[in-house]
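Hi,

Here's the structure I promised to pass on. Have a look, and my notes on its pockets and cavities follow below.

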Amino acid sequence: MAEQLLMDEAGAARLRMIIEAGAELTGADLLNFALEHAVTEAGGLGGMVHVRGPGGRGLLLMASSGLVRTVAQDWEEIEEHSETAPARAVSGGASVWMPAADDDRAGAAEVSAEPGTQGDSTQGDSSDSTHESAPGDTVGNHPHGSAPWSPTSALPDGSGLLAVPLLTPGGTAGALSVLTVGKGQPTPWQRGAVEVLAAWAALRLRDQWTGSDRTEAGRLREKPPVSRLPKEPSATLLRQSLEALKMGSWEWDLATGEQVWDESTLAILGMEGESSKQTFETWTQLVHADDLPWLLVEIEQAIRNRRVSAVEYRICRPDGTAGWVSARGRVLPGEDGQPARMVGTVWDTTESRIARDSVSRALLHMSEAFFAVDSGWRITFVNVEAERFLGASHDLLGRILWDALAEIGVDAVELGLEAAYRRAAESGTPGGFDVRWPTNRRWYHMRLVPMPDGLTVYASDVTEIRSQEAESATAERVTADRTARITELTGALAEALTMQDVVNATAERVMAPFGASGLVFHLIEEETVRVAGAVGYPQSFLDRVDGVPVNDITPVEEVHRTRTPTFIDSAEDYVERYPDRVDSPAAINKSAWAFLPLIVSGRFTGCCVISFTEPRHLSGEERALLITLSGLMAQAIERARLFDAEHTRAQELQRGLLPEVLPTLPAVASAARYLPANEGVEVGGDWYDVIPLSGARVALVIGDVMGHGLSQAATMGRLRTAVHTLADLDFAPDELLNRLNDVVNDLGDDFYATCLYAVYDPVTRTCTFGSAGHPPPAVVHPDGTTEFLTRPPDPPLGAALPPFETTEVVLEEGSLLVLYTDGLIESATRDIDRGMSHLTKALATAAAAVQDQDEEASLERLCDDILAELLPGQQLTDDAALLVARTRAIPAESIAGWVLSDGPIAAQEARNHVRDQLADWQLDELAMTAELLVSELVGNAVRYGRSPIGLRLLRAEGLICEVSDGSLTTPRIRHATETDEGGRGLQLVAALAQRWGARYTATGKCIWTEQPVP
């Protein structure tokens, strides 16, 4: 309670000082003074003063503080009987506080207990005023359910508006409103302070029209009875209020030019006794000739943009006197929606202008450049220093600021002046910044101070201060830069993997800070110089010194021999020290050098040469820094050399484990790509293969051994070899995966691999595949549609429990079968589902783009397009493999088959069929050999097999003869002795056929031979 009492006493004393300071103010100046201090005492964001306009025109904005133009403009004129806070304060004769409408307090309004209680005590004691809700007007009990306190949504959320009526003995003249901070109501002290200031301002206005000579204290102690406060003030009261404020009202018909002035307006303009109806020309004759041009432009823009016009200009009255007036005008539309009338107010500002002029005289000769602009960015004041600063050769007053700046070559947008000025003016918040002025290249600190009607700018020359600060900062920065340079280079070299990484890191962090133009790393290998990397040297020079004996490069040889750095400051110094190398400086356009030894663990590995285009003497500190950096470079180069060597071996191993070229087969045309991971030197386990099978079939296989390293690469090689072996035995996909799973299990518990094995038959156009944990293959049909051949996946090899499932699909000729590893579609930023969706779109786009190209070129481009779309220059963390095959079909006319009779007659039938069919195919030169092969195979089937016995001939790249029977007995070559009568048939087959073999079928086995076609 004691603290509250002390605060109230201090606040009351402050209010007394404010009232004494404003004792001589009148009219609009009085209202502005009271408003600004009311905002301060309430801790508000801004405020407004409205007075009742003549003729029932509602409440007119007379003064504003702290509100941006766009907000104040919306409060220029409000309905007297609206539900806004000022209107309710005027109509009720009591203070009103309204919060911003939000979730649970929309429309809540708080009204003081009884009219006339505000300002009851000059001490500001909150106990003298009550702030409870009045009967019949409780919080939230609004006739319409809500009380919008703002005509627009421009005022900030989470705030409130406290409106206090301006009470006089004759009625309510207007309202003073403060925009409060936060959703809570103002404290009793804040509210009481605003009411005291509003009451004092209202009573001062009353004195101006009554001529009372009572003291301020006496006026503040009076409390007019409630019965003397009428609901509606009389016309005399309105007239007296406007006269006290020296304010008049006017109306202008835009179509006819006719204007209507009230008595106050006539008096302000020196036209007392004249008719209230005047013309536009009459008004223009009263305006000062220098102000008329820009004033007409302002009015025209206000009409065109339908906005409020607020101007201050000079007038020349008929009696010869001159003065200043301020006017506000609002455009009103007609029935057609177009501007029809303009109504507004005008008041005499001559006295306040004189006061401002006295301040201007004090500012005129101040050492800082000072100028002011109004709300339209017209220059209203400029002192002597500002005239020099702005560099104008004629009067700047009345000119648009941006035009004046442009005339002297200052781009306000490029310098950021316009954005900063507008931001300060619109926000109402002071600001400052430094700028280098283009006309004299000096630095100025701009201080921006917003005013109610514009902006003031102070420009202080801070060039010397900045120079001193710059010198101090430069010294500190040099030390910091050198420390940071070593730190940055250490980090970059620690991350460098390859020799090129070392070159790039050194060039970026050493050359520029030292102003160097060239960098070369010479590595010494068995007394021979090898250029490991260079920047800023012609390739012809590098080729000339690469691979030469170290004795042929004198500076490098000297560093190699002495193991100490050498610094050469100029080309003349170079020629003097090395006369036998006089052509070197001219050949490479260098004039200074630093030759730094690269030593690792006491072993000399090479020399780093940093060169300069101009002569350069390096200070002792710079030389010490370069020597320190050379040690870091040497260690990084040694790591890079080891990395490059290991990486080269890894790449050679990788190339050796993958097929060099894919075979050309009648069943498919194929192309493949392999991308190793970018991180590290370890090889990956991704692999692919295309394997020719019997019967013109082809096996397509792709796999991925989990992990990276030599052991994974060795596992990949074993699996690829095993697949080749099992494929040669013509195992079906499920059986092949069973055997392959056993191979992985035998390697240990830490080895796992995925694999997809597909067999395509060009005769039936069927593709049979099995998958062990591998992503499903994709098919692009000839019509461009794309699908994935999905099926429930089996576990990876090494974790699977056989049997494996197989899937069989029929593919149209010309379909694209796409096999890939997860590195193509999956990454840290993309899951496998998104990757497959991305692959679908990439396949459709790429397939459409290569339709008109030849087959081999189209597949190669297809692979490149898919990789470019899915892995566009990414740093791969996993290997990626891609295998694309376009399917072909053997035409029906190239296929012939028969079922042979049982018994020895079958061999004769087979020979006849072969002879006749080869004659039809015009392959008679193959008939004799084919008859011998078929006769031997059919004879074995009759003797050792069982019916049915079948014969099939295929004409592809070679002639394929197939003899099938119902037996599962596999034939094998015997080594017959000289006395054996049989056992030589398969030896004959092997001798006559290019290839031969046997495979199991669903009903038995098939023995086949292949002959080359001429």
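Before the notes, one term: a pocket here is an open set of grid points with protein on both sides within 12 Å along at least five of seven lines, and its lining residues have an atom within 4 Å of a point. Keep in mind that this is a predicted model.

First, the overall picture. The protein chain has 1014 residues, 49% of them counted as buried, and it carries 29 helices and 38 strands.

Now the second largest pocket. Its lining takes in 38 residues, with Arg 697, Arg 999, Tyr 1000, Thr 1001 and Ala 1002 nearest the centre. Elements giving two or more residues to that lining include α23 (733-747), β37 (995-1000) and β38 (1005-1012). The volume is about 1,000 Å³, and the lining splits into 18 nonpolar, 9 polar and 11 charged residues.

The largest cavity holds about 230 Å³. Trp 250, Trp 283, Ile 299, Tyr 313 and Ala 327 lie nearest its centre, out of 18 lining residues. By type, that lining has 13 nonpolar, 4 polar and 1 charged. Among the elements that each supply at least two of its residues are β8 (247-253), α10 (292-305) and β12 (322-333).

The second largest cavity comes to about 180 Å³. Of its 15 lining residues, Phe 541, Ile 553, Tyr 574, Ile 588 and Phe 595 are closest to the centre. The lining here counts 12 nonpolar, 2 polar and 1 charged, with α17 (539-545) and β22 (592-600) among the elements supplying at least two residues each.

Cheers

Definitions and conventions. Residues numbered from 1 in each chain as written. Predicted model: local features only at pLDDT ≥ 70, side-chain atom pairs only at ≥ 80, totals over all residues. Heavy atoms only, no water. Helix = DSSP H or I, 4+ residues; strand = E, 2+ residues; numbered from the N terminus. Buried < 20%, exposed > 50% of the residue type's maximum accessible area, 1.4 Å probe, protein only. 1 Å grid on protein atoms, 1.4 Å probe; cavity = no way out; pocket = protein on both sides within 12 Å on 5 of 7 lines; lining within 4 Å. Points joined across faces, edges and corners; volume = space filled by probe spheres on them. Nonpolar A, V, L, I, M, F, W, Y, C, P; charged D, E, K, R; others polar.
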